[in-house]
Amino acid sequence: MSLVNAAHGRSDSTSAVHPTGERPHGGRRTIRQVVGAYAALAKPRVIELLLVTTIPAMFLAGREIPSPWLVLATLVGGTMAAGSANALNCVIDADIDKVMNRTKRRPLVKESVPRRGALIFGLVLGVLSAVVLYFTVNLLSAILAIATILFYIFVYTLVLKRRTSQNVVWGGAAGCMPVVIGWAAVTGTVEWPAFVMFGVIFFWTPPHTWALGMKYRDDYERAGVPMLPVVATPQHVARQIVIYSWVMVAWTLLLVPVTSWIYTTFAILAGGWFLFYAHSLNAAVRRGEETKPMSLFHRSNTYLMIVFVALAVDSAIGLPAIGLPF
């Protein structure tokens with residue numbers, strides 16, 4: 001789901017083969033290798049980021065530490081939903097994964113999982129996610145999870161990804177949904193702070209993914225995926241990264257009325273830190289210097305973690321919210 005976007009920069013090296021690339025003893029595989037191959041379809045490293053945002057959203061929803069059982073149930077259901085979307089994405093994108101160096105070790109490319117098995121695995125995970133969330137959390141969270149899977153598959157993967165350079169802008173909305181699901185899990189509703197958190201991740205996704213795209217431009221071009229770094233100049237991409245970064249940082253401040261000085265301080269400091277590196281990348285591109293966009297990519301992960309951990313800590317401590325200035 002993307003925070004969801006196509007593995008968000010990490011090669012999928014987990015497969016049912018040895019590190020040498022050879023299968024043991026005539027192609028026979030152990031149960032552990034088979035399980036590992038199916039687990040790799042779910043892109044567990046992508047799911048880690050989703051969990052980092054879901055839990056703080058649950059904390060903020062009640063301005064307190066939520067029930068551990070509710071958190072566990074929401075994370076289990078949410079993980080299944082994210083795994084379902086990622087596995088189905090692997091099925092649909094198997095053709096382009098074969099020609100991209102970053103993704104050529106995914107299970108379907110290495111044939112460590114049959115295509116039909118991956119499809120069934122993805123569908124079953126999706127159904128189980130809805131069942132778990134409905135019976136252990138609430139109906140709204142289950143509906144939101146299924147809607148997220150459908151959006152990721154039918155809107156992002158099948159329509160946007162191969163057709164427009166704005167693919168990760170609008171398709172990235174799927175990766176924003178875990179915070180909404182987390183809020184709904186606690187409150188049974190969706191209120192404006194949930195949409196603000198949605199917006200933080202929405203504006204975070206383009207700088208995060210375009211930095212990755214700058215590094216792997218040749219990969220995306222070879223696969224025919226029109227990521228912005230493929231169809232635009234480095235100068236244009238860097239400017240867009242700066243613009244979205246400023247909007248993202250400003251957007252985090254919309255949560256100030258429902259938080260205390262703790263969140264506000266970290267949001268401002270972390271925002272300034274990230275903007276410094278976004279501007280540094282832009283300046284280097286303008287000067288024609290060699291750039292390291294992956295540094296910004298990794299810092300974007302750190303930035304998102306700082307902002308959402310600050311939300312969780314702020315809510316857990318429960319200091320008075322700053323409130324509206326009027």
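## Charges over rings

A charge is taken to sit over a ring if NZ of Lys or CZ of Arg is within 6 Å of the ring centre and within 35 degrees of the ring normal. By that criterion, the charged end of Arg102 sits over the ring of Tyr216, at 5.7 Å from its centre, and Arg299 lies over the face of Tyr277, at 3.7 Å from the ring centre.

## Basis of the model

The model is predicted, so that local features need pLDDT of at least 70 and side-chain atom pairs count only at pLDDT 80 or more, whereas totals for chains, interfaces and linings use all residues. Residues are numbered from 1 along each chain as its sequence is written, and side-chain values use heavy atoms, with hydrogens and water left out.

## Aromatic pairs

The structure holds 12 aromatic pairs, where rings of Phe, Tyr and Trp (its six-membered ring) pair if their centres lie within 6.5 Å, with planes under 30 degrees apart counted as stacked, over 60 as edge-to-face and the rest as tilted. The pair of Trp210 and Tyr244 is edge-to-face, because the ring centres are 5.4 Å apart and the planes stand at 85°. Trp210 belongs to helix α10 (residues 192-215) and Tyr244 to helix α13 (residues 234-252), so this pair ties together parts that are 34 residues apart in sequence; helices here are DSSP runs (H or I, at least four residues), numbered from the N terminus. Both Trp210 and Tyr244 are buried, that is, under 20% relative accessible area, as against exposed at over 50% and partly exposed in between (1.4 Å probe, protein chains only).

Phe276 and Tyr277 also form an edge-to-face pair, at 5.0 Å centre to centre and with 85° between the planes, and Tyr277 is partly exposed, with a relative accessible area of 26%.

## Packing of α13 and α14

Helix α13 packs with helix α14 (residues 261-286) at an angle of about 170°, their axes lying 9 Å apart; axes are lines fitted to C-alpha atoms, for helices over the stretch in contact, and angles run from 0 to 180 degrees between N-to-C directions. The two helices are therefore roughly antiparallel, a term used for angles over 145 degrees.

Residues in the contact (heavy atoms within 4.5 Å) include Ile241, Val242 and Trp246 of α13 and Phe274, Leu275 and Leu281 of α14.

Technical notes:
Parallel < 35°, antiparallel > 145°, perpendicular 65-115°, else oblique.
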